[in-house]
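Dear colleague,

Here is the structure I promised to hand over, with my notes on it below. Please read the notes with the model open beside them.

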Amino acid sequence: TVLRGGQRTVIAASRLVPGDIVLLEAGNQVPADLRLMTIAQLRIDESALTGESVAVDKHVRSLSEAGAALGDRLNMAFKGTTAAHGRGTGLVVATGMATELGK
């Protein structure tokens with residue numbers, strides 16, 4: 001689900017472009033790499049990328065460390081992971097092969 005032109009629309013992940021705003025809810029798979037903008041108790045299962053066995057609490061604050069490891073980028077949601085709890089919105093920053101999963 002994305003916000004385009006102020007309207008909520010459901011589109012295929014393959015049609016996402018950087019700059020789209022994605023709405024996430026518990027149970028949704030993250031369709032692209034997102035910079036989180038708003039959250040409400042959002043936890044994401046990142047085991048596909050990091051191997052961590054528990055869902056990670058996310059936040060929207062800027063990171064103080066440049067080049068942080070994937071598991072430390074708590075203000076990001078990555079393609080191929082799953083929202084385990086809560087909800088949030090995120091700005092698409094990478095799609096397809098440009099995502100962390102695509103690398």
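I begin with one arginine and its partner. Arg 4 counts as partly exposed, because its relative accessibility is 29%, where partly exposed is the range between buried (under 20% relative accessible area) and exposed (over 50%), with a 1.4 Å probe and protein chains only. The side chain of Arg 4 meets that of Asp 20 in a salt bridge at 2.8 Å, N to O, the term being used for a side-chain nitrogen of Lys or Arg within 4 Å of a carboxyl oxygen of Asp or Glu. Arg 4 lies in strand β1 and Asp 20 in the loop between β2 (7-9) and β3, so the pair ties together parts that are 16 residues apart in sequence; strands here are DSSP runs of E of at least two residues, and they are numbered from the N terminus. Asp 20, with a relative accessible area of 7%, is buried.

Before going further, please note that this is a predicted model, in which local features need pLDDT of at least 70 and side-chain atom pairs count only at pLDDT 80 or more, while totals for chains, interfaces and linings use all residues. Residues are numbered from 1 along each chain as its sequence is written, and side-chain values use heavy atoms, with hydrogens and water left out.

Leaving aside neighbours within four places in sequence, Leu 3 is in contact (heavy atoms within 4.5 Å) with Arg 8, Ile 21 and Leu 23.

The search of the whole structure finds 4 salt bridges. Another of them joins Asp 57 to Arg 43, with the closest N and O atoms 3.8 Å apart; Asp 57 is in strand β5 and Arg 43 in strand β4, so this pair ties together parts that are 14 residues apart in sequence. Glu 100 and Arg 73 also meet through their side chains, at 3.3 Å, N to O, and this pair links the segment after β7 with the loop between β5 and β6, 27 residues apart.

As for the strands, two are said to pair if DSSP finds at least two bridges between them. Strand β4 (residues 33-45) and β7 pair in the antiparallel sense over 10 bridges, and β7 (residues 82-94) is also joined to β3 (residues 21-25), again antiparallel, by 5 bridges. Ile 44 has Ala 83 as its bridge partner in β7 and stands opposite Val 56 in β5.

The largest nonpolar core has 14 residues, and those with the most contacts inside it include Leu 16, Val 22 and Leu 24; such a core is a set of buried Ala, Val, Leu, Ile, Met, Phe, Trp, Tyr and Cys residues joined through side-chain atoms within 4.5 Å. To this core β3, β4 and β7 each supply at least two residues, and β4 gives the most, with 4 residues. In soluble globular proteins, nonpolar side chains tend to be buried together. Leu 24 has Gly 88 as its bridge partner in β7, and its contacts beyond four places in sequence include Val 30, Leu 34 and Ala 77.

With best wishes
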